[in-house]
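Thanks for coming, everyone. Let me put the model up, and then I'll talk you through it.

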Amino acid sequence: MMSDDRKWAREAIRIIEADFQRSADTHLIPLELPGLPGIELYFKDESSHPTGSLKHRLARSLFLYALCNGWLKPGAPVVEASSGSTAISEAYFARLLGLQFIAVMPATTSQEKIAQIAFYGGKSHLVQDPTQIYAESERLAREGGGHFMDQFTYAERATDWRANNNIAESIFQQLRFERHPEPSWLVSSPGTGGTTATLGRYVRYRQHSTRVLCADAERSVFFDYYQTGDASLRLECGSRIEGIGRPRVEASFLPKVIDAMVKVPDALSLAAMHYLAQRLGRRVGGSSGTNLVGALLVAREMVAAGESGSIVAILCDGGERYATTYYDPAWLSAQGYDLTGLIDSIAGCAERGEALPEGLLRAGI
Ligand SMILES: *Cc1c(COP(=O)(O)O)cnc(C)c1O
């Protein structure tokens with residue numbers, strides 16, 4: 001006889017798999033670069049998932065991983081440490097399974113994200129010190145008899161990196177009939193590092209020559225860790241590009257499957273985000289701007305080397321979540337950002353092949 005817990009987990013897995021079956025793949029959207037001839041740039045549009053970001057994939061993987069490990073039980077709350085996007089997606093899956101969900105997040109998390117978590121029936125537990133989200137999550141899970149999902153540890157291993165329509169396999173499938181079906185570069189920015197790990201492992205496993213560029217945010221330790229190997233690096237402040245950049249080295253960030261890194265100043269990420277939004281006719285999130293900068297950097301290197309080929313960057317989330325921040329001129333000037341000149345520079349690079357502004361730190365390119 002199967003135990004009641006196992007029967008419950010079986011039904012829970014069926015519900016998640018049925019939800020997956022009802023879902024469609026995300027689009028691969030070309031973006032023309034008149035200034036960089038011979039380069040085909042595409043954005044993998046993860047904003048079209050039901051919960052609006054690439055964290056939909058991660059949340060599904062984390063729930064399936066936890067269920068197959070026997071870590072979830074009926075009536076036991078699920079707790080997560082998050083900068084917001086993961087919590088939104090996990091709240092969606094927790095509600096699907098009838099589980100209580102608690103997101104532990106920095107107090108600076110946008111109101112839009114907190115509202116979306118509430119929309120899916122989740123609770124937000126805000127902490128003043130962003131470095132305390134992990135310890136606070138553990139405490140809440142322990143005291144409430146629940147489970148701490150711990151994306152920053154498990155993101156790299158919960159996802160099926162060999163295949164199973166992961167983000168990498170999906171990109172290669174969608175490129176099949178393009179001029180350059182094997183991309184020269186995949187560009188992704190690190191929050192957990194999970195997406196980068198999946199891309200890096202997949203291209204190695206499938207023996208592609210594709211390289212993976214990881215584009216870090218300004219207030220983050222990942223780039224320095226990549227260069228020095230010092231896992232004790234710490235920052236006092238949280239990242240200003242939501243979803244990416246961490247104040248400590250996370251376990252799920254795997255430097256050895258990354259071919260090159262670039263560290264992008266936040267103002268340039270936001271300028272690229274605004275430029276991309278203009279080009280696509282709809283708003284995107286800040287980390288998509290970070291990825292565009294990384295893609296333009298390697299595109300220019302390719303042109304300079306006389307190469308042609310394709311590049312795929314991740315469009316991580318849409319811009320609705322940032323209407324009162326990155327897309328609000330008053331917010332931008334209150335934060336001291338003046339983006340006009342930088343937006344022109346991004347346009348100059350994409351449309352006329354001009355150099356990107358100074359200030360990018362690179363490793364491996
Ligand atoms: C999480 C996140 C990323 C980074 O993805 P990881 O797989 O966690 O490294 C990028 N952008 C946004 C908006 C995110 O929420």
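I'll go from the ligand to a few single residues and then to the salt bridges.

One point before the details. This is a predicted model.

Let's start at the ligand. How many residues surround the ligand? The count is 16. The closest are Lys55, Gly191, Thr192, Thr195 and Ser287. What is the make-up of that shell? It divides into four nonpolar, nine polar and three charged residues.

Now some distances. Take Lys55. An N or O atom in the Lys55 side chain is 2.7 Å from an oxygen atom of the ligand. Next, Gly191. Here a polar backbone atom takes part, and the distance to a ligand oxygen is 2.8 Å. Then Thr192. An N or O atom of the Thr192 side chain sits 2.6 Å from an oxygen of the ligand. So how much of the ligand's area does the protein bury? Taken alone, the ligand exposes 370 Å², and the protein buries 98% of that.

On to single residues. First, Asn291. Please find helix α11, residues 286-304. Asn291 is in that helix. Is Asn291 buried or exposed? Asn291 is buried, because its relative accessible area is 0%. What does Asn291 touch, leaving aside residues up to four places away in sequence? The list is Val187, Ser188, Ser189, Ala215, Ala313, Ile314 and Cys316.

Second, Glu136. Look at helix α5, residues 133-144. Glu136 is placed there. Its relative accessibility is 17%, so Glu136 counts as buried too; the cut-off is under 20%. Beyond residues up to four places away in sequence, Glu136 touches Val104, His125 and Val127.

Now a loop. Go to the stretch between α6, residues 151-158, and α7, residues 167-174. Asn164 is in this loop. Asn165 lies in the loop between α6 and α7 as well. How accessible are they? Asn164 has 55% relative accessibility, so Asn164 counts as exposed. Asn165 has a relative accessible area of 30%, so Asn165 is partly exposed.

Last topic: salt bridges. Side chains of opposite charge can pair when their charged atoms come close. How many salt bridges are there here? The count comes to 22.

Pair one is Asp25 with Lys44. Their side chains meet in a salt bridge, 3.5 Å from N to O. The pair links distant parts of the chain, 19 residues apart. Asp25 is in the loop between α1, residues 4-22, and β1, residues 28-31. Lys44 is in strand β2, residues 39-45. What about their exposure? At 34% relative accessibility, Asp25 is partly exposed. Lys44, at 0%, counts as buried. Both residues belong to a network of salt bridges, which links Asp25, Lys44, Glu46 and Arg57.

Pair two is Arg240 with Glu218. The closest N and O atoms are 3.3 Å apart. Where are the two residues? Arg240 lies in the loop between α9, residues 222-228, and β9, residues 260-263. Glu218 lies in the loop between β8, residues 211-216, and α9. Arg240 is partly exposed at 24% relative accessibility. Glu218 is partly exposed at 34%.

Arg362 is partly exposed, with a relative accessible area of 36%. Glu301 counts as partly exposed at 35%.

Notes. Residues numbered from 1 in each chain as written. Predicted model: local features only at pLDDT ≥ 70, side-chain atom pairs only at ≥ 80, totals over all residues. Heavy atoms only, no water. Near = heavy atom within 4 Å. Polar contact = N/O pair within 3.5 Å; in protein donor to acceptor, adjacent residues only side chain to side chain. Areas by Shrake-Rupley, 256 points an atom, 1.4 Å probe, with all protein chains shown as cover. Nonpolar A, V, L, I, M, F, W, Y, C, P; charged D, E, K, R; others polar. Helix = DSSP H or I, 4+ residues; strand = E, 2+ residues; numbered from the N terminus. Buried < 20%, exposed > 50% of the residue type's maximum accessible area, 1.4 Å probe, protein only. Contact = heavy atoms within 4.5 Å. Salt bridge = Lys/Arg side-chain N within 4 Å of Asp/Glu carboxyl O.
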